[in-house]
Amino acid sequence: MREMVWIRSTRFGTTLVLSLALSLLTGCAAMGAGNANTQPSSSVAVTPATGSVRAGDTLQFTAKVSGTVSQAVVWSVNGVVGGNATDGMISATGKYTAPATLPNPSSINIEATSSSDKSLSGKSMITLENPVPTVTGVSPTAVAVGNFSITISGSKFVSGTNVMFGTQALTTKFVSSTQLTATGTATTAQQGMSIQVTVVNPDPGSIASSTMAVKVNAPQTPQIVVKITPASAQLHPGQTVQFKATVTGTTNQNVVWQVNSTPGGNATVGTISSTGLYTAPAVLPKSTSLTINAVSAADSHSTSAASAITLLSNIPVVTAALPTPIPVGNFTISVAQAIQSNGNPTQLLNGFGGSTDSNARLSALQSLLTFDTGLSLIQAASTTTGNAIQNGQTLATALASGTPLATQFPQNSYFASQLQQVAKIIQVRLALGLRRQIFFVSMGGFDTHSGQLPQQDSLFNDLNQSLSAFYQATVEMGVAPNVTTFTLSDFGRTYQPNSDGTDHAWGGHHIIMGGAVKGGDFYGTFPTLAVNGPDDATGQGRWVPTTSLDQYAATLASWFGVAAADLPSIFPNLANFTTPTLGIMG
């Protein structure tokens, strides 16, 4: 309401002035016509006429209107009344506030236009400049001779700002208007000195901040760290694995290898050479969990993350004990070659090497197997053992006739050795008279409640290389379309970690591989990977499966030759799903 009253009062005042002026003019005309064309000049003068303003600062302008009684003006910036955020704002009283960020171009027109006569205006040309930077902190406050990195805190930093370390311009990264990072090199000559750090904003209006000191200390001795690969391994007695040590913080790459903190190891826990080749002991120690460490030769206090060794028992399988059955009375038996759990068909069962003592032990074994106890359960178990011995002999004979595969399997991998043995048995399938074969191989270590990242890195690398070698072996034998490899697991892992591991979960992913597989794709619905998301059942990333194991197994069973009509009797839960099979197999 006050504004409206002011306007009305002004107009009334203007009317009075104009009336008075007309009267005066009339009077002059009556006095003498010779001065009728003489009129006062009209203009608007803006002060200051030129100048510069730094970003974010203010500058007061004034306007003097000549040739009219009213001094009221309207202020504008680059033709915009009152200005804007890009070019700056100006108040009704002429106070200009520069923008926080310089526009392009940085030249600005300030204009004042008479409120009573819009044909009258005056201008001022100003140049906007970068602000004066302010430094409030430098971290760290001390650096060592050599390469360093510092972080500068403050305000009014702009893109293109440089950090000066004394007279040295550092390589500067603009993070924000309040933070910069810079890298450089402190010289030996600067050791012990406090170097002044400044921030210099660039043109237009290049200007430096106040200084802040950074102390240059003596060069630091780098921390020596040793990294060992692989991070874990599983071995049977007598097997070997090659470890590698990478040393950082020194040019000396030599290390001292240790087994359970014993340099070089010993016969009980296994030995390790100067090159990192570990050989498992011939006899399992009481504790089958061992650690491999490497200590830098340059620093006995260097650190390394230990590699975990798990020793596994050799589980022998007797291939033959003949004759069977043994007749009543005196008898002689012979034991054929046995297959060790490491897949070597030529290695004899330890303790039965063909000597007199060995034959005596075998004779006692056969007597136990053929002894009629009158107990059905024991007789059935003895028969099963005898059949296993006979089947083992058949398998050993067939494997001995096989041709060595050209495909190279990973060394020192228990999982790869299993797959290699499976490939050998597939190769001699005709000698065994088998049309369908099912093999089970296993790989442990995925129950990662801690140390998940390094452990899974090693496990997945082993899994990848071993599966790749096995598939190449099936291609070499020409049976890739007839061999399908698939995974099974007890449980998944939570999406949400517990420090450096995960807990047991539900839904997970499976791998299926083979020449008959429609590969290179995902089957089923991929879960939304979000804690408390639509697929999370417990708030810890336990996914509710969308594809059932029944569908997964039915798909494989169909490929294996099971008729569609028989699937419901084998997998009764299939009735709960709209699609009994997944379309994975070609």
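This is a predicted model: local features need pLDDT of at least 70, side-chain atom pairs count only at pLDDT 80 or more; totals for chains, interfaces and linings use all residues.

Where is the place of Pro-230? Pro-230 is located in the loop between strand 22 and strand 23.

Another cis peptide bond runs from Thr-47 to Pro-48, where omega is near -5°. Pro-48 belongs to the loop between strand 1, residues 43–47, and strand 2, residues 50–54.

The largest nonpolar core contains 21 residues. Within this core, the residues with the most contacts are Leu-235, Phe-243, Trp-257, Tyr-278, Ile-292 and Ile-309. Two or more residues come from each of strand 22 (225–229), strand 23 (232–235), strand 25 (244–248), strand 26 (255–259), strand 31 (289–296) and strand 33 (307–311).

Leaving aside residues up to four places away in sequence, Phe-243 touches, among others, Trp-257, Tyr-278, Ile-292 and Ile-309.

I move on to the aromatic rings. How many aromatic pairs does a search of the whole structure find? The search returns eight, and I shall describe two of these pairs.

One is formed by Phe-446 and Phe-460: the ring centres are 5.7 Å apart and the planes stand at 50°, so the pair is classed as tilted. Phe-446 sits in the loop between helix 5 (429–432) and helix 6 (452–477), while Phe-460 is in helix 6; the pair therefore ties together parts that are 14 residues apart in sequence. Phe-446 is partly exposed, at 27% relative accessible area, and Phe-460 is also partly exposed, at 43%.

The other is the pair of Tyr-495 and Trp-543, likewise tilted, with 5.5 Å from centre to centre and 45° between the planes. Tyr-495 lies in the loop between strand 37 (492–493) and strand 38 (504–505), and Trp-543 in the loop between strand 39 (512–514) and helix 7 (549–560), so this pair connects parts that are 48 residues apart in sequence. Are the two partners buried or exposed? Tyr-495 is partly exposed, with a relative accessible area of 41%, whereas Trp-543 is buried, at 8%.

A ring also takes part in a contact with a charge. The charged end of Arg-436 sits over the ring of Phe-560, at 5.8 Å from the ring centre.

Finally, two backbone features. Asn-260 is not a glycine, yet has a positive phi of about 50°. Asn-260 is placed in the loop between strand 26 and strand 27 (262–263) and is partly exposed, at 32% relative accessibility. Asn-532, also not a glycine, has a positive phi of about 65°. Asn-532 lies in the loop between strand 39 and helix 7. With a relative accessibility of 62%, Asn-532 counts as exposed.

Thank you for your attention.

Terms used
Residues are numbered from 1 along each chain as its sequence is written. Side-chain values use heavy atoms; hydrogens and water are left out. Rings of Phe, Tyr and Trp (its six-membered ring) pair if their centres lie within 6.5 Å; planes under 30 degrees apart count as stacked, over 60 as edge-to-face and the rest as tilted. Helices (H or I, at least four residues) and strands (E, at least two) are DSSP runs, numbered from the N terminus. Buried means under 20% relative accessible area, exposed over 50%, partly exposed in between (1.4 Å probe, protein chains only). A charge sits over a ring if NZ of Lys or CZ of Arg is within 6 Å of the ring centre and within 35 degrees of the ring normal. A nonpolar core is a set of buried Ala, Val, Leu, Ile, Met, Phe, Trp, Tyr and Cys residues joined through side-chain atoms within 4.5 Å. Contact means heavy atoms within 4.5 Å.
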